[in-house]
Amino acid sequence: MEGRSHLLVGLTAGVVLDSFVHLSGDPLTLAKTVTVTLLVKKAVYYFSVGFGALLPDIDNARSTLGHKLGVVSKGIQKIAGHRTLFHSLLGLVLGSLLAIGLQQVVIWLLSQRGFTVPADFVGASHLVFFGVLFGCIMHIAADALTQGGVPLFWPNPRRYGFPPDSHWRFRTGTWPEFVIVWSFMIIVGACIWQSVLVV
Ligand SMILES: [Zn+2]
C-alpha cells in the first residue's frame, strides 16, 4: 500500500483499538472538560500509531518515511531489500526495540517542556510502545492484502497474504486500495457518529 493509505488505515484502526482498551486515557467525545493533559495523551498516541504505520517502509528509499531518512533507507534497501526484514515478525521485534527508545525520547521531551503529568502517564502506560507496535502490525496486515504479500517469516522468502490466492488481492496504488481505505474510514466514522466507537 502507499504511505498515505498506511497512515489513514493505521490511524483509523488506532481509533478502534483505543475505543476498546482506552490506551490514551478517557475518550474525548465523552469528557465533560477537555484538559491539556488529555489532549497531549491523545496527540502522543496518534503520533505513535502514525509513526508505526509508516515504519515498515523504512526499507524503501522512495516511501514517505524513506524520503525523510535518505541515506538510512537507501542502506537498508540495499542490504535487505524492500518488503523483507521490516515486513516480518523479526521486523516487529526490531520495531518494538525502536519504540522503547522512542518512548524514552518522548518522555524526556514532555518533561523538558513541563508536561510532567502526561510524561508520567506515557511511562506508566507504555503508550508510545503500544502505539508504534500496533501501527507496524496494521502496516504489515494492510500489505498482506496486496498482490506482493508479506514475508512474515523472513529470512524465509515465502510470502503470505490474504486472501491466500494472490489473484484475489490488489496491486499497490490501484483503485481497490482506495475503496478499502475509504470504506474502512467511513465505517469507523459512522460508528463514532453513532457513539458505537469513541475517540
Ligand atoms: Zn509496506
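# Reading rings, backbone and pocket

Guide: A search of the whole structure, which is a predicted model, finds four aromatic pairs.

Visitor: Which arrangement do the rings of Phe47 and Phe51 have, and how far apart are their centres?

Guide: An aromatic pair is read from the distance between ring centres and the angle between ring planes, with planes under 30 degrees apart counted as stacked and over 60 as edge-to-face. The centres of Phe47 and Phe51 lie 6.4 Å apart and their planes meet at 20°, so this pair is stacked.

Visitor: What kind of pair do Phe153 and Tyr160 form?

Guide: Phe153 and Tyr160 make an edge-to-face pair, with 5.5 Å from centre to centre and 85° between the planes. Phe153 is partly exposed, at 44% relative accessible area, and Tyr160 counts as partly exposed at 27%.

Visitor: Which residue lies over the face of Phe121?

Guide: That residue is Lys41, placed at 4.1 Å from the centre of the Phe121 ring.

Visitor: Turning to the backbone, which residues does a cis peptide bond join, with omega about 10°?

Guide: The general idea is that most peptide bonds are trans, and that most residues other than glycine have a negative phi. In this model, a cis peptide bond with omega about 10° joins Trp154 and Pro155, and Pro155 is placed in the loop between helix 7 (127–143) and helix 8 (175–193). Another cis peptide bond joins Phe162 and Pro163, where omega is about -5°, and Pro163 is likewise found in the loop between helix 7 and helix 8.

Visitor: What is the phi of His126, and where does this residue lie?

Guide: His126 is not a glycine, yet its phi is positive, at about 55°. The residue lies in the loop between helix 6 (116–125) and helix 7, where it is partly exposed with a relative accessible area of 35%.

Visitor: Is Ser195 buried or exposed, and what is its phi?

Guide: Ser195 also has a positive phi although it is not a glycine, with a value of about 60°. Ser195 lies in the segment after helix 8, and a residue with over 50% relative accessible area is called exposed, so Ser195, at 57%, counts as exposed.

Visitor: What volume does the largest pocket have, and which residues are closest to its centre?

Guide: Rolling a probe the size of a water molecule over the atoms shows where empty space is left. Here the largest pocket has a volume of about 210 Å³. It is lined by 14 residues, of which Met1, Asp57, Asn60, Ser63 and His82 are the closest to its centre. Sorted by class, the lining of this pocket holds one nonpolar, eight polar and five charged residues.

Visitor: Where in the protein is confidence lowest, and where is it highest?

Guide: The mean pLDDT of the protein is 93, and 100% of its residues reach 70 or more. Within the protein, confidence is lowest in helix 3, residues 64–69, with a mean of 82, and highest in helix 7, at 97.

Definitions and conventions. Residues are numbered from 1 along each chain as its sequence is written. This is a predicted model: local features need pLDDT of at least 70, side-chain atom pairs count only at pLDDT 80 or more; totals for chains, interfaces and linings use all residues. Side-chain values use heavy atoms; hydrogens and water are left out. Helices (H or I, at least four residues) and strands (E, at least two) are DSSP runs, numbered from the N terminus. Buried means under 20% relative accessible area, exposed over 50%, partly exposed in between (1.4 Å probe, protein chains only). On a 1 Å grid over the protein atoms alone, a cavity is a set of points where a 1.4 Å probe fits but cannot get out, and a pocket is an open set with protein on both sides within 12 Å along at least five of seven lines; lining residues have an atom within 4 Å of a point. Grid points are joined across faces, edges and corners, and a volume is the space filled by probe spheres set on the points. Ala, Val, Leu, Ile, Met, Phe, Trp, Tyr, Cys and Pro count as nonpolar, Asp, Glu, Lys and Arg as charged, and the others, Gly among them, as polar. Rings of Phe, Tyr and Trp (its six-membered ring) pair if their centres lie within 6.5 Å; planes under 30 degrees apart count as stacked, over 60 as edge-to-face and the rest as tilted. A charge sits over a ring if NZ of Lys or CZ of Arg is within 6 Å of the ring centre and within 35 degrees of the ring normal. pLDDT is the predictor's confidence in each residue, from 0 to 100.
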